[in-house]
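Biologist: Hi! Could you walk me through this one? I'm new to it.

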Amino acid sequence: LPSKLPKGKTSIFSVMSSLAREHEAIDLSQGFPNFETDARLKDLVYKAMKDGYNQYPPMNGIPELREQISAKIEKLYHIKYKADSEITLTAGATGAIYAAITAFIHAGDEVIVFKPAYDSYEPTIKSNGGKPVPVQMKGEDFCIDWQEVKEKINSRTKMLVITTPHNPSGTVFSKDDMQQLEALLKGTNIILLSDEVYEHIIFDDIEHQSASRFPGLAERAIVCSSFGKTFHNTGWKMGYCVAPEALMKEIWKIHELTVFCVNHPTQKAFAEYLKHPENYLSLGNFYQEKRDKFLELIKGTKFTGTPARGTYYQVLNFAKITDEKDTEFARRLTIDHKLASIPLSVFNYEQKDNSQLRFCFAKTDETLERAAEVLHNI
Ligand code: GLN
């Protein structure tokens with residue numbers, strides 16, 4: 001049968017995590033914590049189940065959770081999203097990304113994506129007949145050449161996708177980046193899809209520059225967030241997106257067709273848990289300590305890298321060790337040395353020397369220590 005995605009493959013995250021399981025390797029590949037979500041949050045979910053919140057919630061999420069999200073965004077980014085029409089709970093951020101792209105991309109539409117790009121964007125664009133238009137990020141710091149972006153915008157450009165803090169590179173868009181983007185999109189009908197799932201995982205006192213902070217971006221932006229990434233429960237698959245009402249109406253049409261609505265007891269729990277901002281505001285410090293610990297532990301190895309400024313991923317260069325391709329080295333590292341990572345080339349990224357791997361440091365100190373020991377022995 002003709003495939004809708006002839007070049008589509010199982011995601012690298014599933015591939016590397018299952019290779020890690022098969023070879024009993026330490027898994028620093030797929031991005032998820034190997035420690036527990038807060039026991040208080042779990043208790044809130046049990047409570048909601050016991051209290052009978054076990055049937056369909058409203059399609060866009062329960063009102064009290066949408067209210068909490070609206071208040072949180074207003075406090076952090078100084079913009080008010082209407083809880084009833086501009087906020088939707090989704091099946092993880094991936095659910096939001098899929099609905100957002102599918103709602104707006106028609107055959108022949110172009111979508112600008114920055115490389116390395118998170119792996120769900122391009123197949124989703126292609127499955128809707130759209131054409132991803134890549135812009136390579138440049139240098140050690142993964143910078144964006146906004147002039148190049150400008151040159152790639154034309155009458156077919158329907159959408160532009162950004163990720164900040166950026167997966168897999170760990171870089172963060174600056175205020176200047178966002179203002180340049182705002183100026184570029186001014187006067188166009190281009191929709192901005194802003195994937196901000198690591199919004200609270202940002203280091204060294206850098207402030208997260210949400211698209212929602214910039215009026216010229218917010219008026220055209222679909223901003224995606226993830227409770228899984230923020231509250232250490234990726235398996236609950238709970239995220240949300242916010243967008244101006246006119247855009248959200250279209251997103252709902254796809255959201256209803258794919259999942260209809262998302263888990264009710266979990267929404268009850270998050271509505272309560274979000275009342276305590278310390279539950280997410282401490283996250284940057286928490287992960288900064290993990291990053292620093294990991295970088296300290298690997299000092300003296302042959303792996304080098306610029307410290308991540310956000311996300312829970314650290315990119316390391318292995319050019320001093322071997323000239324193998326990153327995919328081959330990542331495989332060998334998993335099978336022979338029992339340490340799994342993600343090779344950067346799978347994000348269709350034109351690396352200079354093809355020798356970068358992404359390591360997830362959302363792990364217990366003990367796991368990070370064992371991983372570092374492996375890296376010291378290579
Ligand atoms: N966002 C996670 C990562 O980058 C993976 C999510 C997934 O596997 N769908 O590793």
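**A first look around**

Modeller: Happy to! The protein has 15 helices and 12 strands, where helices (H or I, at least four residues) and strands (E, at least two) are DSSP runs, numbered from the N terminus. This is a predicted model: local features need pLDDT of at least 70, side-chain atom pairs count only at pLDDT 80 or more, and totals for chains, interfaces and linings use all residues. Residues are numbered from 1 along each chain as its sequence is written.

Biologist: Okay, what about S3: is strand S3 mostly covered or uncovered?

Modeller: Mostly covered: five of the six residues in S3 (residues 110–115) are buried, meaning that 20 or more other C-beta atoms, placed from the backbone, lie within 10 Å of a residue's own.

Biologist: And which strands does S3 pair with?

Modeller: S3 runs parallel to S4 (residues 131–136), with six bridges, and parallel to S5 (residues 157–163), with four bridges. Pairing here takes at least two DSSP bridges between two strands.

Biologist: Which residue in S4 is the bridge partner of Val113?

Modeller: Pro134. On the S5 side, Ile112 has Leu160 as its bridge partner.

Biologist: What do S3, H5 and S4 make together?

Modeller: A right-handed β-α-β unit, with H5 covering residues 121–127. Right-handed means that, with the strands pointing away from the viewer, the path from the first strand over the helix to the second runs clockwise.

Biologist: Switching topic, what does the C-alpha trace span along its principal axes?

Modeller: About 55 × 55 × 50 Å. Buried residues make up 47% of the 378 residues.

Technical notes:
Buried ≥ 20, exposed ≤ 12 C-beta atoms within 10 Å, placed from the backbone.
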